[in-house]
Amino acid sequence: MVLKGKNVLVTGASSGIGKAIALLFGKEGANIIGTYHHGGEEAEEVMKEIATHGVKAVAIGIDVSEEEEVARLFARAVDEFGDLDILVNNAGINGPTVTIENIQTSDWDKVIKTNLYGPFFCCREFLRLKRRNNSFKGSRIINVSSIHEVVNVPEHAHYNASKAALRNFTRSLALEVAATGMTVNNIAPGMILTPINKEVIEDKEKMKKVEATIPMHRGGTPEEVANVALFLASEASSYVTGSTYTVDGALSILGP
Ligand code: NAD
């Protein structure tokens, strides 16, 4: 078991990629705190399944874009586990398809606050916890951005900007903590078969067109992203920091 005894916080663990990461890390021996925003029942189900591996698994409902809620989340994590070894910033949303001149400020705020402020708030709390416990060495931060951090999808300027900034933030943080033994990396998924893409997945014609643009001719599974997260969480990646791992069937080489 690659993560035996590690304490892990995964944001957005009720669904899709975060759920696959929480399930895999739990199977590999980690205790899990999995957050959700919507889908409390699904999150509880995921935690029940994780607990069958004899590890602790706790679901907590929060909005990562709210500073006070993130502070409360970390206070609860400390109550439950004492310390955390690994933080996975996965929670994220897409915004509406809209040209820049028509973006509502409220939509811009929601996407940026969830996809950028959320990971920032969680990273800051994680760093403060590591500082208090003097436990930086061997700890891990894994951010889930998107290939749209570099390959811009039309009429999604809010999402593109949030993910590009998250990539840059990952690199700044990796640099800042490199000497402590903590690593900070980024996963950039392409088209993954999760509820965030429900509209495309459920429309056979649209899905066919999307698959034709992907050099591997299929969408990826959340488990294929989780496998990369496991590598980044494990000792095997001890000299990898500030990196982005694309998991996209070569989509970003061509662009969407
Ligand atoms: P999903 O919709 O299945 O899951 C999103 C998760 O985030 C859910 O658990 C949800 O409750 C949580 N969440 C949403 N808003 C939140 C908030 N304000 N506070 C706390 N939690 C919140 O989506 P997914 O496809 O699994 O996406 C996970 C991450 O992967 C996102 O950051 C997304 O941008 C990124 N991503 C997904 C794809 C893809 O094709 N699925 C591609 C690139 C990047």
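## Terms and basis of the model

A residue is called buried when its relative accessible area is under 20%, exposed when that area is over 50%, and partly exposed in between, with a 1.4 Å probe and protein chains only. Helices (H or I, at least four residues) and strands (E, at least two) are DSSP runs, numbered from the N terminus.

The structure is a predicted model, in which local features need pLDDT of at least 70 and side-chain atom pairs count only at pLDDT 80 or more, while totals for chains, interfaces and linings use all residues. Residues are numbered from 1 along each chain as its sequence is written, and side-chain values use heavy atoms, with hydrogens and water left out.

## Helix α2

Helix α2 covers residues 40-51. Its buried residues are Ala 43, Val 46, Met 47 and Ile 50. Viewed down the axis of α2, these buried residues fall within an arc of 95°, so they line one face of the helix; the arc is that of the directions from the helix axis to the C-beta atoms. Glu 41 and Lys 48 are exposed and sit on the face of α2 turned away from the buried side.

The expected span of a helix is 1.5 Å times one less than its number of residues.

## The ligand and its surroundings

There are 30 residues around the ligand, and those that come nearest are Ser 14, Ser 15, Tyr 159, Thr 194 and Asn 197. Here a residue is near a molecule or strand if one of its heavy atoms lies within 4 Å of it. The shell around the ligand is made up of 14 nonpolar, 14 polar and two charged residues. In this division Ala, Val, Leu, Ile, Met, Phe, Trp, Tyr, Cys and Pro count as nonpolar, Asp, Glu, Lys and Arg as charged, and the others, Gly among them, as polar.

The side chain of Ser 14 places an N or O atom 2.7 Å from an oxygen atom of the ligand. A nitrogen atom of the ligand is 2.8 Å from a backbone N or O atom of Val 64. For Tyr 159, a polar side-chain atom lies 2.6 Å from an oxygen atom of the ligand. The ligand taken alone exposes 820 Å², of which the protein buries 93%; these accessible areas come from the Shrake-Rupley method with a 1.4 Å probe. Helices α1 (16-27) and α5 (157-177) are the elements that give two or more residues to the shell.

## Buried residues and their contacts

Thr 11 is located in the loop between β1 (7-10) and α1. With a relative accessibility of 1%, Thr 11 counts as buried. A polar atom of the Thr 11 side chain lies 2.9 Å from the backbone nitrogen of Ala 91.

Ser 65 belongs to the loop between β3 (57-61) and α3 (67-81). Its relative accessible area of 7% makes Ser 65 buried. The side chains of Ser 65 and Asp 63 are joined by a polar contact of 2.7 Å. Val 144, in strand β5 (residues 140-144), is buried at 5% relative accessibility. Val 144 and Ser 162 are 18 residues apart in sequence, and their C-alpha atoms are 11 Å apart in space.

## Positive phi angles

Asn 134 is not a glycine, yet its phi is positive, about 50°. This residue is found in the loop between α4 (105-133) and β5. Asn 134 is exposed, with a relative accessible area of 69%.

Ala 250, also a residue other than glycine, has a positive phi near 75°. Ala 250 lies in the loop between β7 (244-247) and α9 (251-254). At 26% relative accessibility, Ala 250 is partly exposed.

## Glu 69 in helix α3

Glu 69 is part of helix α3. It is partly exposed, with a relative accessible area of 24%. Glu 69 and Phe 121 are 52 residues apart along the chain, and their C-alpha atoms are separated by 9.6 Å.

How values were computed: A polar contact is a pair of N or O atoms within 3.5 Å; within protein, one must be able to donate a hydrogen and the other to accept it, and residues adjacent in sequence count only if both atoms are side-chain atoms.
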